[in-house]
Amino acid sequence: MDACARLPHGRTNLFAEDPAQRGVVSHFRVCRFIIESGVKLGMHSVPMASACTIYHKFFEQSDVQNYDPYLVAMAAIYLAGKVEEQHLRARDIINVCHRYLNPCSDPLELDTRFWELRDSVVQCELLMLRVLNFHVSFEHPHKYLLHYLVSLRSWMNRHTWKRTPLAVTAWAVLRDSYHGTLCLHHPPQHIAIAVLYFALQCYGVEVPGDVAAGRAWWQVFSEGVTKAVIDAIITEIVRIYEMDAKP
């Protein structure tokens, strides 16, 4: 096993004792680690989304038994910062992630252990680039969701818009969607529409469609999306929240 496949940390390896844990729930936990560490590092939404996407794509092509997923996650954060031009120092990433994985331990000293861990992160980054054939730039739903929210605001009653936190909810759901592999299987426009539809359903808000043309509001944004596609994406989002509710 490569040196970049191992990361010493205080938490039990999610895959060591129960092979059934190698899957969606385990990757959910690691993506939560990416998002929470990203928040502490001050990462913006798009770099954080890229880090999760890189992580998911890597394990789509690699056996999770061969690599420490938390080390891969750290390398994904490091790489995503470069790709999205929000450069993060390797030292900051290591310190934040080490604190997350070992909350009761002292901060890392700049000793042999630190430099070995830094070297592992860099090696893992290079490995990920090779595995993904350097295809690490992605189109995310964020710009589409922003455009859809602006359009929706102009369509809706302003009092309804003000008293309903649709935008806040939609952005939160989009961020949470990266705990799963939605980003690998659906176009970003469809994810943005489904997230917005889900937020509207949560608050029971109806959006007027184009009655004359016989079209629903989401078809104005993307002619290729169907109600079945929206329902499929929402089903996956609900499964993510169900995993979050499990102990």
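## Overall fold

Of the chain's 247 residues, 49% count as buried. The model is predicted. The chain holds twelve helices and zero strands. Read along the sequence, the pattern is α-α-α-α-α-α-α-α-α-α-α-α.

Among contacts with a separation of 6 or more, 76% come from residues 24 or more positions apart. The accessible surface of the chain comes to about 12600 Å². Carbon and sulfur atoms account for 51% of that surface.

## His-186 in its loop

His-186 sits in the loop between helix H9 (182–185) and helix H10 (188–203). Its relative accessible area is 17%. Buried means under 20%, so His-186 counts as buried.

The side chain of His-186 makes a polar contact with the side chain of Glu-236, at 3.0 Å. Leaving out residues up to four places away in sequence, His-186 touches Ile-191, Ile-233 and Glu-236.

## Aromatic pairs

The structure holds 14 aromatic pairs. One of them joins Phe-33 and Tyr-70 edge-to-face, with 5.0 Å centre to centre and 80° between the planes. This pair links distant parts of the chain. Phe-33 lies in helix H1 (residues 24–40) and Tyr-70 in helix H3 (residues 69–83), 37 residues apart. Phe-33 and Tyr-70 are both buried.

Trp-217 and Trp-218 also pair. Their ring centres are 5.9 Å apart and their planes lie at 80°, so this pair is edge-to-face. Trp-217 is buried, with a relative accessible area of 6%. Trp-218 is buried too, at 13%.

## Aromatic cluster

Trp-217 and Trp-218 belong to one aromatic cluster.

Technical notes
Residues numbered from 1 in each chain as written. Predicted model: local features only at pLDDT ≥ 70, side-chain atom pairs only at ≥ 80, totals over all residues. Heavy atoms only, no water. Helix = DSSP H or I, 4+ residues; strand = E, 2+ residues; numbered from the N terminus. Buried < 20%, exposed > 50% of the residue type's maximum accessible area, 1.4 Å probe, protein only. Contact = heavy atoms within 4.5 Å. Areas by Shrake-Rupley, 256 points an atom, 1.4 Å probe, with all protein chains shown as cover. Polar contact = N/O pair within 3.5 Å; in protein donor to acceptor, adjacent residues only side chain to side chain. Phe/Tyr/Trp six-rings, centres within 6.5 Å; stacked < 30°, edge-to-face > 60°.
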